[in-house]
Amino acid sequence: MIITLLSFAEYGIFTLYLFCGIIIFFGLKKYNQSPLTQFSSVSVIVAARNEEHYISACLNSLTELDYPQDKLELIIVDDHSTDKTLKIIKEFADIHKHIIPIALGDYFENNSGKADAIQFAVEKSKGEFLFVTDADCQVPRGWIKNLLSAFTPGMGLVGGATLLDKPNEKMPLFGRIQSFDWLYLLTIALSTGHYGFPISWFGNNMAFRRETFDSIGGFKNLRNTIVEDFAFILKIHKSRNWKIKFLFHQDSLVKSDPVLHIRSYYNQRKRWASAVNAVHPVAKLMMFTSVAAHVIIVLNIITLQFHSAIWGFTIMTLVDLTATWKSTGFLDRRDLLKYILPFKIYYFYFTLVFPVMLIFDHKIDWKDRNYPIFSKTTES
């Protein structure tokens with residue numbers, strides 16, 4: 001009886017998984033860049049907290065941007081760092097006059113995190129367009145031109161892709177798996193965004209109009225959240241006044257670094273999980289389908305239905321491979337596909353073990369600050 005019910009559920013779930021894969025595949029559209037003919041004023045904003053090991057590489061990439069300096073300002077905000085981050089920022093500012101350092105400690109004794117830092121920087125900035133990346137990221141030379149070219153009339157926000165590795169970079173297997181994971185999540189977000197319901201994006205590679213930012217009240221009216229990028233995108237989408245576009249293009253591909261310490265990785269994923277209550281119903285359906293498919297495979301193994309377990313695992317892998325084959329082609333990173341099997345094995349932890357751990361762990365330690373998990377991410 002149990003095996004019969006399991007078989008019935010198996011066919012339903014894996015049919016749904018296949019259907020979701022087809023929808024994702026056909027939603028993946030390549031962005032064809034048009035030459036940028038007008039150089040608007042741009043402010044790049046980076047919020048940094050205890051990033052002494054990464055900030056130099058970030059600033060080096062920003063100073064090498066292919067964009068007129070008289071139209072560009074780089075606003076680097078130190079968010080109460082206790083290491084050498086602020087010192088490094090000021091050293092760069094002494095050499096590059098379009099870098100504007102801001103020490104939040106000069107204005108506030110404390111604040112609630114990255115959202116406040118970005119809000120303060122935007123208020124101090126002058127650019128018509130605002131670009132945001134993280135202190136542990138390196139941007140390509142064509143970053144600004146590529147994202148700006150996507151701002152057609154009515155376009156409020158444009159997001160570019162981020163990966164955690166480079167093709168010939170030496171990196172542990174766990175780092176490669178994380179990079180594929182980011183690719184996988186962005187592939188889904190890229191597809192659903194083209195269908196008109198952006199489910200999320202990484203805030204380390206975004207650009208938006210100042211007019212868009214002001215029209216929704218910036219980050220001021222967002223409830224206390226540590227996933228400010230997701231909350232911000234959600235609020236723009238709900239306003240119905242602006243379009244949102246995500247794109248995969250080599251010229252706007254940002255490089256970040258994987259988290260190689262298990263505790264830091266766990267806290268990162270907890271931070272992401274805090275937004276789950278506010279995600280689009282389509283995203284919730286996809287998450288449910290993924291979790292259910294993994295549960296069914298495990299149950300098949302427990303009940304010695306190895307043929308069914310292999311069959312289910314093969315379907316999931318082929319569906320995911322088909323979608324990521326298309327998206328990696330946009331970025332010329334098909335080398336990442338060789339990590340799909342380690343990624344699929346890792347995903348059993350992410351979909352089965354991790355949610356159980358969250359039941360007993362309700363606090364997030366992020367950048368030496370503590371936050372409650374599952375905080376609301378919608379506007380006040």
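Helix 6 (residues 173-194) has 22 residues and spans 32 Å from first to last C-alpha, close to the 32 Å expected at 1.5 Å a residue, where the expected span is 1.5 Å times one less than the number of residues. This is a predicted model, in which local features need pLDDT of at least 70, side-chain atom pairs count only at pLDDT 80 or more, and totals for chains, interfaces and linings use all residues. Residues are numbered from 1 along each chain as its sequence is written, and side-chain values use heavy atoms, with hydrogens and water left out.

**Helices**

- Helices (H or I, at least four residues) and strands (E, at least two) are DSSP runs, numbered from the N terminus.
- Helix 6 is mostly covered, with 18 of its 22 residues buried; buried means under 20% relative accessible area, exposed over 50%, and partly exposed in between (1.4 Å probe, protein chains only).
- Gly-196, which follows helix 6, has a positive phi, near 100°.
- In helix 4 (residues 114-124), the buried residues are Ala-115, Ala-117, Ile-118, Gln-119, Phe-120, Ala-121 and Val-122.
- The cover over these buried residues of helix 4 includes strand 1 (42-48), strand 2 (72-78), strand 3 (99-103), strand 4 (129-134), helix 7 (210-215) and helix 8 (228-239).

**Cysteines**

- The structure holds zero disulfides, a disulfide being a pair of cysteine sulfur atoms within 2.5 Å.
- Cys-58 is in no disulfide, and the nearest cysteine sulfur, that of Cys-137, is 6.9 Å away, too far for a bond.
- Cys-58 is buried, with a relative accessible area of 1%, and Cys-137 is buried, with a relative accessible area of 1%.

**Cavity and pocket**

- On a 1 Å grid over the protein atoms alone, a cavity is a set of points where a 1.4 Å probe fits but cannot get out, and a pocket is an open set with protein on both sides within 12 Å along at least five of seven lines; lining residues have an atom within 4 Å of a point.
- Grid points are joined across faces, edges and corners, and a volume is the space filled by probe spheres set on the points.
- There is one cavity of 30 Å³ or more, and the largest cavity holds about 50 Å³ of space.
- Its lining consists of Lys-114, Ile-118, Val-132, Gly-203, Met-206, Phe-208, Phe-219, Glu-228 and Asp-229.
- Helix 4, strand 7 (206-209) and helix 8 each supply at least two residues of that lining.
- The second largest pocket has a volume of about 230 Å³; of its 13 lining residues, the closest to its centre are Leu-36, Gln-38, Ser-40, Leu-148 and Phe-151.

Terms used:
Contact = heavy atoms within 4.5 Å.
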